[in-house]
Protein chains: 2
Amino acid sequence: MAYELHYWPGIQGRGEFVRLSLEAAGAEYVDVARGEGGLEAMRHFLEHPSVQRPPFASPFLVDGSLVIGQTAAILLYLGPRLRLVPASLADRLWVHQIQLTIADLVQEVHDLHHPIANALYYDDQKDSALRRSEDFRRNRLPKFLAWFEAVLARNARNARRTVPRLVGARLSYADLSLFQVVDGLLYALPEASGRALRKTPLVAALHAGVGAERRVAQYLASERRLPFNEEGIFRHYPELDG
Amino acid sequence: MAYELHYWPGIQGRGEFVRLSLEAAGAEYVDVARGEGGLEAMRHFLEHPSVQRPPFASPFLVDGSLVIGQTAAILLYLGPRLRLVPASLADRLWVHQIQLTIADLVQEVHDLHHPIANALYYDDQKDSALRRSEDFRRNRLPKFLAWFEAVLARNARNARRTVPRLVGARLSYADLSLFQVVDGLLYALPEASGRALRKTPLVAALHAGVGAERRVAQYLASERRLPFNEEGIFRHYPELDG
């Protein structure tokens, strides 16, 4: 049976991390909320008292009787099923740890434009956003990228590869997620991200290489890939790019 | 061999979620950074180029050759070993999903006093903090607590229990983590948290009940339990309590 992915239909958002793994593995899935009546189905799982284990928020995955929320937990579940993690416990924990660190970065990128509250418009928190983004560009972005660079540099299996992997020699869901974060950063903060990526060539090579994987490239060129926009996590507000 | 926990010695912080699970299970562990030379050991794992899989930040757990960062990943690893998760995959994923949602709440609590940057003092971001905490008290705190309440209410195994559990009938690491978040909220925002908890009696009962578990109570009364303070995640700044 096809996996059901439930996520807001107009944005890439956090759903995109799940979508990329499903697409890269060639898995059958339904992007429920983008079909007819799909938003009602999503609201059912989030809000109806008959749902025994309700997700706190979207995205969530439905696989038979299982309902799994939290992007990293979804990928933890899908990883072995989609062959997007190595076999050993140590490797799987390491992939998950990297995914959780990517999730932290994603949250910080979100908070660049919403440092005060999701319930407020960007314009009503712009002063705070300007200050937050200054710190992000100066401290946080280089720190995160330097960590990913170190992870790539210390993976011995990358010695002979042109496209480096975060863990082991095969594509993992963490590689796909790092691709997505870098892609989003290049959209949202092209100046700052371009500068930072020149200092982390392995991260840049991973981004280019993962985007060129056959199934990923096909997906990115398809209508299933929504464009970035100013409703999602990665928003291009030039004033935040310094 | 004893588990090694590495975390900043002066605060409960994120390390406390790991500590509580280790203590509740009666596991042998060393709180490395609180011993002599312990901060150097911690810095080694975070900074030395010879570490093949460096954690991004503390806390991290060392178990033999395994080094695991990210609180939720540490608990994912420890859960089965400490008998703090049920046996089935579905239940384990659900516990993990709850833990990740608790982690999101913890991040929001942290950002109450640091909405702009960790690199700045609280006083230099107080205006933003006041606005953020207003939204948190009004929208986010009730939303999170209502979700935990729903999870507790929908766990059929709680029908005959005085102390409810989040998943199944036995104590899980998610129960311990929810205890800790509520404990921290009551310290940081006693007014707002007290008000919110009156509407979520099962969450309040879990907090009281978990704190009274024999090993947990012993730990809380010991010197190993650091007091809350204004260096950690949960800080009592009365102006943020509304």
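Arg83(B) sits in the loop between α3 and α4 (89-113) of chain B, where helices (H or I, at least four residues) and strands (E, at least two) are DSSP runs numbered from the N terminus. This is a predicted model, in which local features need pLDDT of at least 70, side-chain atom pairs count only at pLDDT 80 or more, and totals for chains, interfaces and linings use all residues. Residues are numbered from 1 along each chain as its sequence is written, while chains are lettered from A and ligands numbered from 1 in the order in which they are written.

Most residues other than glycine have a negative phi, and most peptide bonds are trans. Arg83(B), not a glycine, has a positive phi of about 55°. With 15 other C-beta atoms within 10 Å, Arg83(B) is partly exposed; buried takes 20 or more such atoms, exposed 12 or fewer, and partly exposed falls in between, with C-beta atoms placed from the backbone. Gln70(B) also has a positive phi, near 75°, and lies in the loop between β4 (66-69) and α3 (71-81) of chain B. Gln70(B) counts as buried, because it has 26 C-beta neighbours inside 10 Å.

Then there are the cis peptide bonds. One joins Ser58(A) and Pro59(A), with omega about 0°, and Pro59(A) is found in the loop between α2 (38-47) and β3 (60-63) of chain A. In chain B, a cis bond links Ser58(B) to Pro59(B), again with omega about 0°.
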